[in-house]
Amino acid sequence: MQFRLNMKSKTLALALTILCMLVPFSMGQQEAPSKSSDKTDKGRKVQKVNVVAERFNFTPSQIKVQQGTLLEITLTSDDTFHGFRIPSMQINQVIPARGRGSVKVVFDAKQKGSFAFECSRPCGAGHTMMRGVIIVE
Ligand SMILES: [Cu+2]
């Protein structure tokens, strides 16, 4: 009788030991797949900048931003209609003439590098010189 009981409790102890070893292992495995899905804009750093366009420049013409930031550019004109184009990003917006409001462009600074922008609306003799750059570092 005592021998059989001993055997049973030994088996039970062994089973418990195995279970204790398996539980943390399987819990660790369950946590792994949920990591890649947090791609919302919540928690993204946002940087706002006001840029003024006038014949024939943008002020500021150089904007620095940290990689991973959402850059919100509010554009106004100090004279006529201009344009704001970032050729590498398929961004192109009309900047309304002075007194007609502003336009907002959101630039997602995903990659490091220099991203040139330029006026996309013929505005006079110096139109082609009207450009600037966003530097993502
Ligand atoms: Cu122009």
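The protein chain holds 1 helix and 9 strands, where helices (H or I, at least four residues) and strands (E, at least two) are DSSP runs numbered from the N terminus. Along the sequence these elements follow the pattern α-β-β-β-β-β-β-β-β-β. The model is predicted, so that local features need pLDDT of at least 70 and side-chain atom pairs count only at pLDDT 80 or more, whereas totals for chains, interfaces and linings use all residues. Residues are numbered from 1 along each chain as its sequence is written.

Of the 137 residues in the protein chain, 16% are buried; a residue is buried if 20 or more other C-beta atoms, placed from the backbone, lie within 10 Å of its own, exposed if 12 or fewer, and partly exposed in between. The largest nonpolar core has 18 residues, such a core being a set of buried Ala, Val, Leu, Ile, Met, Phe, Trp, Tyr and Cys residues joined through C-beta atoms within 7 Å. The elements giving two or more residues to this core are β4 (70-77), β5 (82-86), β8 (113-118) and β9 (131-136), and β4 supplies the largest share, 3 residues.

I134 is among the residues with the most contacts inside the core, and, leaving aside residues up to four places away in sequence, I134 touches I63, V65, L71, F107, F115 and F117, a contact meaning C-beta atoms, placed from the backbone, within 7 Å.

T128, by contrast, lies in the loop between β8 and β9 and is exposed, because 10 other C-beta atoms are within 10 Å.

Technical notes. Contact = placed C-beta atoms within 7 Å.
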